[in-house]
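Subject: Handing over the structure

Hello,

Here is the structure I promised to pass on to you. Please open it first, and then read my notes alongside it.

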Amino acid sequence: MIFETHAHYEDSRFSTDRDEVLCSLADKGIGTVVNVGSSIETSKACLVLADTYDFVYAAIGVHPSDIDCLNEENLFWMKKQAGHKKVVAIGEIGLDYYWDKEPAVQQAQREWFWRQLELAYEVDLPVIIHSRDAAEDTMEILKQFRREHPDVESPGVVHCYSYSPEMAQEFIKMGYYIGVGGVVTFKNAKKLVKTVEAIPLDRILVETDCPYMAPEPHRGERNASCYLPYVVNKIASIKGISPEEVESQTEINAKRMYRL
Ligand code: NI
């Protein structure tokens, strides 16, 4: 079955039919969901969802645009929650220079990114990285982290990957997976198509980032994991293999990274 590696079902756009949407996923071929936090508040909601549904796991972490909610106390709270049996990753964490152009804010993003990377290392969990318009700094920080912690085999995923194929190869060399979602189906997705072409199938994870990033032909609508077959089919056609092969290999990849 398809492994949904990145969803936000705690989002208010699911408040009227969340249970219905989640309970219908198995019938649509979706076997496992990792629900990803982006703030302390949404991380708490991820834990509730993971406690409620057998097939839902949680990632806890603070997105670069939400670092205002971070402090030592909250970081300590995250560390304690990381021991919860259904917490499978720290994320999403990273850098977003698209929304934040202020040098001081970007500096704060880099500091909290580093602190959360260290946290993931301490609790021995992979990270889910959000990186937008910050390719060089993301690469630099992860290289630095690798120099200090060369023993981590499967450090995480660069989610909703948007950089060059060459850079994807560099992330893969450091052990990271590449997250591919609805964008790969867009008409203007040339760079991501080239990346999928260039990288091995055993480094790709499929994800929605729902409620955002719905694939064609549902672009602009509320996204949900039931649309993942469009992503799987597109990857299959780029690679010239069957959708079944993409589905089974990406599920193996996700289970390996999340250690399930
Ligand atoms: Ni996300």
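Let me begin with a term: a residue is called buried when its relative accessible area is under 20%, exposed when over 50%, and partly exposed in between, using a 1.4 Å probe and protein chains only. By that rule Cys-160 is partly exposed, because its relative accessible area is 22%.

Some ground rules come next. This is a predicted model, in which local features need pLDDT of at least 70 and side-chain atom pairs count only at pLDDT 80 or more, while totals for chains, interfaces and linings use all residues. Residues are numbered from 1 along each chain as its sequence is written, and side-chain values use heavy atoms, with hydrogens and water left out.

I also mention helices (H or I, at least four residues) and strands (E, at least two), which are DSSP runs numbered from the N terminus.

**Back to Cys-160**

Cys-160 sits in the loop between S6 and helix H6 (165-173). Its phi is near 50°, a positive value in a residue other than glycine. Asp-133 also has a positive phi, near 55°, and is not a glycine. You will find Asp-133 in the loop between strand S5 (127-132) and H5, and it counts as partly exposed because its relative accessibility is 46%.

**The nickel ion**

Which residues hold the nickel ion? The ion is coordinated by His-6 (NE2), His-8 (NE2), Glu-92 (OE) and Asp-209 (OD), at 2.1 to 2.2 Å. Donors here are N, O and S atoms within 2.8 Å of the metal (3.2 Å for Na, K and Ca); water is not among the atoms, so sites may look incomplete. The angles between the four donor atoms run from 87 to 175°, which makes the arrangement irregular. For the naming, four donors are tetrahedral if all angles lie between 85 and 135 degrees; four are square planar and six octahedral if opposite donors are over 155 degrees apart and all others between 65 and 115; anything else is irregular.

Along the sequence, the donor residues follow the spacing H-x1-H-x83-E-x116-D. His-8 lies in the loop between strand S1 (2-7) and helix H1 (18-24), and Asp-209 in the loop between strand S8 (204-206) and helix H8 (228-239), so this pair ties together parts that are 201 residues apart in sequence. Both His-8 and Asp-209 are buried.

Glu-92, another of the donors, belongs to strand S4 (residues 87-96). The peptide bond that joins Gly-91 and Glu-92 is cis, with omega about 5°. A cis bond also runs from Glu-216 to Pro-217, where omega is near 5°, and Pro-217 is in the loop between S8 and H8.

**Pockets and a cavity**

On a 1 Å grid over the protein atoms alone, a cavity is a set of points where a 1.4 Å probe fits but cannot get out, whereas a pocket is an open set with protein on both sides within 12 Å along at least five of seven lines; lining residues have an atom within 4 Å of a point. Grid points are joined across faces, edges and corners, and a volume is the space filled by probe spheres set on the points.

The largest pocket holds about 740 Å³ of space. It is lined by 27 residues, and those closest to its centre are His-130, Arg-132, Cys-160, Asp-209 and Met-213.

Happy exploring!
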